[in-house]
Amino acid sequence: MWCFVDRLHKLLRQSKYEEAEAFAMRFLDLDVELVYKDHVRRCMELIQPWPTNNNKNEYFNKFSALLDKIQDIEFVCNACLNAYTADLRKTQLLFDYAWKRLKEDKIKLPCLKNMKYEFFKNTTDGSLENDYTG
């Protein structure tokens with residue numbers, strides 16, 4: 001079993017995520033979510049404003065798709081809250097996504113029942129208006 005885990009970690013270190021996912025799925029004892037989490041961490045580095053790659057939208061889309069595959073709600077929310085993007089709209093999308101996932105898991109997490117999320121939305125005159133959802 002250890003040789004399989006070592007092989008999986010080697011693939012992840014080499015950023016061979018498709019191979020690592022296929023390898024983890026072949027062996028039922030390996031957690032494929034580990035692959036998704038590692039890939040999310042890598043995408044978080046690539047969507048930051050300061051790397052000079054031109055594929056930020058592609059990496060952001062991959063990042064978003066990977067978040068859907070991860071069941072660990074705490075990891076997903078931390079990834080959304082700690083991702084740096086050059087675009088404020090994308091940052092808002094991540095916050096909204098994290099909030100949506102939290103609301104979906106409210107039944108499992110009773111401590112969130114009374115939690116409120118505040119964000120600002122543009123009004124027609126261009127000013128910002130508070131919008132509370134719960």
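This is a predicted model: local features need pLDDT of at least 70, side-chain atom pairs count only at pLDDT 80 or more; totals for chains, interfaces and linings use all residues.
1. For Lys37 the relative accessibility is 17%, so it falls under the 20% cut-off for buried. The two residues form a salt bridge, with 4.0 Å between the closest N and O atoms. Both belong to helix α3, four residues apart, or about one turn of the helix.

2. Lys37 has another partner, Asp72, and here the closest N and O atoms are 3.0 Å apart. Asp72 comes from the loop between α4 and α5 while Lys37 is in helix α3, so this bridge ties together parts 35 residues apart in sequence. Asp72 itself is partly exposed, at 28% relative accessible area. Through shared partners, Glu33, Lys37 and Asp72 end up in one network.

3. Lys37 also turns up in the packing of α3 against α5. On the α3 side are Lys37, Val40, Arg41 and Met44; on the α5 side they meet Phe75, Ala79 and Asn82. Sorted by type, the contact residues are four nonpolar, one polar and two charged.

4. As for the geometry, the axes of α3 (residues 32-46) and α5 (residues 73-82) come within 11 Å and cross at roughly 5 degrees. That is under 35 degrees, so the two helices count as roughly parallel.

5. Elsewhere, Lys69 and Glu21 form a salt bridge, with the closest N and O atoms 4.0 Å apart. Lys69 is in helix α4 (residues 56-69) and Glu21 in helix α2 (residues 17-26), so the pair links parts 48 residues apart in sequence. Lys69 is partly exposed, at 37% relative accessibility. The salt-bridge count for the model is four.

How values were computed:
Residues are numbered from 1 along each chain as its sequence is written. Side-chain values use heavy atoms; hydrogens and water are left out. Axes are lines fitted to C-alpha atoms, for helices over the stretch in contact, and angles run from 0 to 180 degrees between N-to-C directions. Angles under 35 degrees count as roughly parallel, over 145 as roughly antiparallel, 65 to 115 as roughly perpendicular and the rest as oblique. Contact means heavy atoms within 4.5 Å. Ala, Val, Leu, Ile, Met, Phe, Trp, Tyr, Cys and Pro count as nonpolar, Asp, Glu, Lys and Arg as charged, and the others, Gly among them, as polar. A salt bridge is a side-chain nitrogen of Lys or Arg within 4 Å of a carboxyl oxygen of Asp or Glu. Buried means under 20% relative accessible area, exposed over 50%, partly exposed in between (1.4 Å probe, protein chains only).
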